[in-house]
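These are my notes from an afternoon with one protein chain. I wanted to see how its pieces pack against each other, and I wrote down what I looked up.

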Amino acid sequence: MKIGDAAAASGCHLETIRYYERVGLMPRPARTASGYRAYSPTDVDRLRFISRGRNLGFSLEEIRSLLRLDDDPSMSCGDVDAIARSHLSDIQRRVTELQRIAAELERVIAQCAGGERGTCTILGALKQSGGEGSGCSGPGACA
């Protein structure tokens, strides 16, 4: 099948498929006599694997490792589990950090009195070095 068909079957954009080929996640496809890329059902499955991995937030290097594990039937599922657990731990750390950031932003927004720009607690908070208590830039702004 041509690249457009592989894109439709896998859900990957044409340029994304070409990119995956350039970075080595996808093997260089065979070419037809007229020079078109020719993809097999196995290639489409690999594209789906990569796409699903990206949707789950795996980096290209993590996907590369998972593909190596998938390509080698002698590898242990424990190796796959270790990569997935490490990725989950990273996601959980990022979620915790995003929750902290959201709470700080909510706090700063709640302190906004809507007055003059010169006493804006939101702008003041952005000028601070961080940490609790930042964002109080005007008299009575941090009541």
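**Entry 1: overall make-up**

I began with contacts between residues with a separation of 6 or more, and 41% of these join residues 24 or more positions apart. I note here that the model is predicted. I then looked up the elements and found six helices and two strands. Along the sequence they follow the pattern α-α-β-β-α-α-α-α. I also checked burial: of the 143 residues in the protein, 28% are buried.

**Entry 2: α1 and α2**

How far apart are the axes of α1 and α2, and at what angle do they pack? I found the axes 9 Å apart and the angle about 100°. Angles from 65 to 115 degrees count as roughly perpendicular, so α1 is roughly perpendicular to α2. On the α1 side I listed I3, G4, A6, A7 and S10, which meet L14, I17 and R18 in α2. Sorted by class, this contact has five nonpolar, two polar and one charged residues.

**Entry 3: the buried side of α1**

Which residues of α1 are buried? I wrote down I3, A6, A7 and S10. They lie on the same side of α1 because they cover an arc of only 100° around the axis. I looked up what covers these buried residues, and the cover includes α2, β2 and α3. Just after α1 comes G11, which has a positive phi of about 85°.

**Entry 4: the buried side of α2**

I repeated the search for α2, which spans residues 14-22, and found I17, Y20 and E21 buried. Their arc around the axis is only 105°, so they too are on the same side of their helix. The buried residues of α2 pack against α1, β2, α3 and α4. After α2 I came to G24, whose phi is positive, near 85°.

**Entry 5: α3 and α4**

Next I took α3, residues 41-55, and α4, residues 60-71. Their axes come within 10 Å and cross at roughly 140°. The crossing is right-handed. From α3 the contact uses R46, F49, I50, G53 and R54, and from α4 it uses L60, I63, L66, L67, D70 and D71. I sorted the residues of this contact into six nonpolar, one polar and four charged.

**Entry 6: α4 and α5**

My last pair was α4 with α5, the helix of residues 77-110. Is the crossing of α4 and α5 left-handed or right-handed? I found a left-handed crossing. The axes come within 10 Å and cross at roughly 160°, which means that α4 is roughly antiparallel to α5. The residues in contact are E62, S65, L66 and L69 of α4, with D79, V80, I83 and H87 of α5. By class I have four nonpolar, two polar and two charged residues here.

**Entry 7: looking back**

I went over the α4 entries once more. L66 is listed in the contact with α3, and L66 is listed again in the contact with α5.

Notes:
Residues numbered from 1 in each chain as written. Predicted model: local features only at pLDDT ≥ 70, side-chain atom pairs only at ≥ 80, totals over all residues. Heavy atoms only, no water. Axes fitted to C-alpha atoms, helices over the stretch in contact; angles between N-to-C directions. Helix = DSSP H or I, 4+ residues; strand = E, 2+ residues; numbered from the N terminus. Left-handed = near helix turned anticlockwise from the far one by under 90°. Contact = heavy atoms within 4.5 Å. Nonpolar A, V, L, I, M, F, W, Y, C, P; charged D, E, K, R; others polar. Buried < 20%, exposed > 50% of the residue type's maximum accessible area, 1.4 Å probe, protein only. Arc of directions from axis to C-beta. Parallel < 35°, antiparallel > 145°, perpendicular 65-115°, else oblique.
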